[in-house]
Each structure stands twice: as structure tokens, then as C-alpha cells.
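I opened the model today to look up its fold and its annotated spans. These are my entries, in the order I made them.

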Amino acid sequence: MNTQLLLIQVFNGLVNGAFYALLSLGLAVIFGMLRIVNFMHGALYMLGAFTAFALGQAFGLGFWPALILAPLIVGALGMLLERTLLSRLYGLEPSYNLLLTFGLTLLTQDLVKQVMLSQFAVSSAPYTTPDILTGVVNLGSVVFPKYRLFVIALTLVICLVTWFVIEKTRVGAIIRASTENPSVTRSFGIDVSKWVTGVFGVGVGLAGLAGVLAAPIYSVEPYMGAELIITTFAVVVIGGLGSILGSVVTGFAVGVLAAVGAAIYPPIANTLVFVLMAIVLLVRPSGLFGLPEGTR
Amino acid sequence: MTTIPRTAPRNDRERTMRAAWMIGLGLLLLILPRLIYPVLALDILAWGLFAVAFDLLFGFSGLLSFGHAAFWGSSAYFTAYLLASGQSVPVAMLGGTLSALVLAVPIAYLSVRSAGIYFSMITLAFAQMVYFVALQWTDVTGGENGLQGFERPSLFGLDFSNSTTRYYFCLAVFAVGFYIAYRTVRSPFGQAQQAVRDNEQRAQSIGYNPVRFKFTAFMISAGLAGLAGSMYTFGHGVVSLDVTKWTTSGEVVMMTLLGGTATLFGPAVGAGLVLLLRDQLTTSSLPVGIVTGLVFVVVVLFFRAGVVGTVQGWLRRR
């Protein structure tokens, strides 16, 4: 395999990795803060893409407004779900959250399928790349689509901002305090349940954002999140459940590794991540960046 | 998990109740192919045993496996392969079950060291490995097309081209599988298993090795799931890629919850209800995913003891 092909694969891997990173970042924030394993994350990613498509169809909104609006809509929906449904399960085994969100996934996928068929007369829809991002960039030895480079760049920025907010700011300190010791935090006059709802909203908003970003690359269809979320779970296990740094680094790394692996031996592409996961589990059961389990 | 009822009978009345359940469900299973078409009835047996197997792990060990399709699916494929190569039905079923057991050894070894949600994620990821192997290894599994057109040779004068005959043969297999599950739960092993579930530290302090109990429970569960998978293949005469999909793992969780976890009968009842519901929905205009998703959500939110668990709790209070 020549260098040029390898480099293209690395870039393609980074694009896939960007989606893994963005999705597992949202999962990490939600799990790390709220101990919710959000199985619905893939469906919310799909809702992000679908909302962008629907906004375009119904109001003629383009990519840029959708990039802002769709994550907000998905985030708001997430907060509604947290308030009305998930909050009923706090104090029970985290498994029940997984089960509830699994049920909601089935529901959402079919609901969107029905809406797409009845409102837009399609079951999957193309989404055009914004004009400014069409075309390719010459990176010296390879040319690569502008839009895909934009996805990588934006994802890096979002990940950095999220990490910064949670680790370095007062807001992050409140969030961490709210989740580590709710009752003490409450005694400082902080409304913990509002923060919990907010954090969940941001987490699923990130999934929505990933969905909008994905719309021009993959076709928009009700089951687009179904397979992706499983891979993302593997990424999360490899990186360490709840670890923000782990999810971002592992997300990109897995993307690149799978792409390069696929170039060398194509049938392994989709399995590689799970093989990797098995190896990591043998060596470090809590994941590469995870704290030892059993703490929760 | 305080909402889940205990299985140990506290008095004779509960023992009577258990016997009543067993006789009632047994009779129902005997006449089932007269009430609904036999292929659906056989589906209920296969999924019912699958759900019982899953619940041995979830209800009685507290381990939520989200990857049980791996065992159901691998056995389904292996059974089909053996049938296609001319083996008799019992040999094919045993072979399928064995394949699930062999597959379970590394998966169980790697996953039982984790607890809670970690366990769920890890089992899910292993099942995905199996899924991708089934998808890619097209020479053996048929890939997206699956396998079909394999033989189901007659046995002792039983003509397996008849779906009612197939049903009654599978009813016998189901009874054996269910008995194994029953014996497991009622045995000292099962009691220790539940002790580990309820308080791992305490169980360990009185001399039990939690990891070993979980491993054994995992193996029994995987073996029974394999037996159920082989039954499914035998019943349908086709294997599709769906048998290893993650949605299959999710469906068995749903059936178990709907029927009632840790009730032993519950999962089988839940499987029956889900399949009947789906059968009704396919002929109606209501979309299957929306209704089953809704049922699932309602059960998790308000109805965690499931149908059998709720009825048992209600009878117990009277």
C-alpha cells in the first residue's frame, strides 16, 4: 500500500473518529455526571440529522442555521425526556436507564420512519453540503474534501471546549459537585436537579450536533444511529466509561485504526473495534483512561 | 433491585401456587398449536426458553447481558449447518447448543469480572463481534441472505415437515430446557447465586467465590440460549442474519421484563405476549416498533415486576 492511499485512509478514519468522539463525548458527560447509560444516543444523533433535513424541507433553512438549531431542538427534547421519564428511575439500578432508553430508541426510530414516509415521502434522504464547504483541499500529497476536514476541525474544537468547561470553570465545578455529592451541593443553595437536566440536555445536544454534521456525508434515515451507537459503546468501554479525555482520544484513534485496518484487510473493518475492546479489557478492565470500576 | 420478588417459597401456599402455574402453563402449551398456528407456537417455545435462559443471568444473578443474541445466533447457524450436512435433528440441536457453550467460555471469562452497566456493554460488544463474523463469513453463514433450504430428516417415524410435529418435538426439548433452568434456580447453587446477586460482599465473606458463580451461571444461561436458538432454526427452516443482531438481544430483555424477571415462568409468558402482540400488529396498520417500544417504556417505568411478578405479588398479598 502506498503512502498516499494510507494518508487518505487516515483522514477518512479521522472523519469517522470525529463522529465516534462526539457521540462518546456526549455519552461520557451523561454517564460521568448522571450515571445514565443513554442507549438513545444513536436515535438522538439520527434526530439531529433528521431535524436538519426537516428544517430544510419545511422552512428552507440551510446547513448553518440547522447546525445551531437542530442541536438545540434535540437538547430541549432530551431535557424533556430527562424531566418526565428518566428522572423517575433515579435511585434504581443503572440497568433500568439502559432499558428505558432502549425502548425509547425503538419508539423514536419507527416514529421518524412514519413521519418521513408520510410527510416527505422518503425513507432516506440526501442532504447537500453547504456551498462554502464543497470541493477539495490540496494537502500536499493528497486532496481531501473540504467538508470532511471541517467536520474534524469542528469536532476538535467542541471536544476541547467541553473538556475546558467541565475541568476548568466554575460551571464545571458545580456540575461535578452536583453529581458527586448532591445533598451537600444542595445545601449550598444549588438546584441540583436543574443542573442534572441541563447536563443531560448538553450531552444529547452533542449527539444532535453530530447528527447535523453527519447529514451531508451519510444519508439521513431512521436507523442511521443504530449501528453507530454500538460501535460508540465499544469506544466508550475502551476509553473508560465516563472519561471525557478517554472518549475523545479513543474516538479518533479507533476511527483511524479501523480505517487503516480496513485498507490492509477489508473484512476486518467493523470487527476491529470489538477485537480491540477485548484486548483492552484483558489488560485494563476499566478502560484505557477509566478509573477502576466498582466505585459505582 | 427491591422490586423483584424472591423465588424461594416461604410456605406451602406458595408451593401450591407454583404448581398451579406450572400445570396451567403446561396445559396451555399442550393445546397451543390448536389455538394459534403451529409455527408461531413453536416461536413462542424457542423465544420463551431463550428468555428463561437470559433471566437465569439477569434475574437470578443480577447481570444484564445485552449480548445474548451471540449464543442464540451462533447456535442457530451451527444447527443449520449440521442439518444441511445431513445430521439428525437431535445431533444438530446438541451441536448447536455445544457451539454456544464453546463461544460462551471466552465471553463469560472476560465479562463476569465486570459488574453492572460495564457487563452490559461488554456483552453487547462481544455479540457485535459475532454479528460481524456472521455478516462477513458469507461462505458459511450466507451473509445478508442467511441460510435456507436445509434438511430436517425424519426421526423415529416423526415427520418433521409437519409443523405440528415439529412443535410437539420442541415442546419436549423446551420441557428439558425449562427443567434445567428450574433445577438450577432451586438448587443450592441457585440459592448461592441469588446470595451473590443480593450482596456480593456478604456472599464472599461466607466463602463463596462470586466470580465463579457468575461464570457458571453465564455458561448455563448461554447453553440454554443456544438450545433455544437451535429450536428456532429447526422450527423455521431458515436462518437470517437477524439472529445475531443487537436488536435480538434487546428483544429478549424486553420479553423477560414484560413477563417478570426472577419469576422463572415470567420470561416465557413475556415471550408469548410479545410474539402474539407482534403477530397481531403485522396484520394491523399500527407500526410494530412504535407499539413494542411504547410497551417496553411503560413496563420499565411503571410495571417493573412484569405480568407474572405483578400477579404473584397480588396473590401473595391476598
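I take helices (H or I, at least four residues) and strands (E, at least two) as DSSP runs, numbered from the N terminus. The model is a predicted one.

Entry on the elements of chain A. I found eleven helices and two strands in chain A. Reading from the N terminus, I noted the order α-α-α-α-β-β-α-α-α-α-α-α-α.

Entry on the overall form of chain A. I asked what radius of gyration chain A has beside that of a compact globule. The rule gives a value near 19 Å for 296 residues, and chain A has 19 Å, so the two agree. Along the principal axes, the C-alpha atoms of chain A fill a box of roughly 60 × 50 × 35 Å.

Entry on burial and contacts. I looked up how many of the 296 residues of chain A count as buried, and it is 54%. For contacts in chain A with a separation of 6 or more, I noted that 76% join residues 24 or more positions apart.

I noted 13 positive and 10 negative side chains in chain A, and the centres of the two sets are 8 Å apart.

An unreviewed UniProt entry places "transmembrane region" at several spans of chain B, including residues 91-110 and 252-276. I checked these two. Residues 91-110 of chain B are 100% helix and 0% strand, with the end C-alpha atoms 29 Å apart. Residues 252-276 of chain B are 76% helix and 0% strand, and there the end C-alpha atoms lie 14 Å apart.

Key:
Residues are numbered from 1 along each chain as its sequence is written. Chains are lettered from A and ligands numbered from 1 in the order in which they are written. This is a predicted model: local features need pLDDT of at least 70, side-chain atom pairs count only at pLDDT 80 or more; totals for chains, interfaces and linings use all residues. Side-chain values use heavy atoms; hydrogens and water are left out. UniProt positions are given in the numbering used here, feature names are shortened, and annotations may be inferred rather than shown by experiment. The radius of gyration is taken over C-alpha atoms; the globule rule is 2.2 Å times the number of residues to the power 0.38. Buried means under 20% relative accessible area, exposed over 50%, partly exposed in between (1.4 Å probe, protein chains only). Contact means heavy atoms within 4.5 Å. Lys and Arg count as positive and Asp and Glu as negative; His and the chain ends are not counted. The place of a charge is taken as NZ of Lys, CZ of Arg, CG of Asp or CD of Glu.
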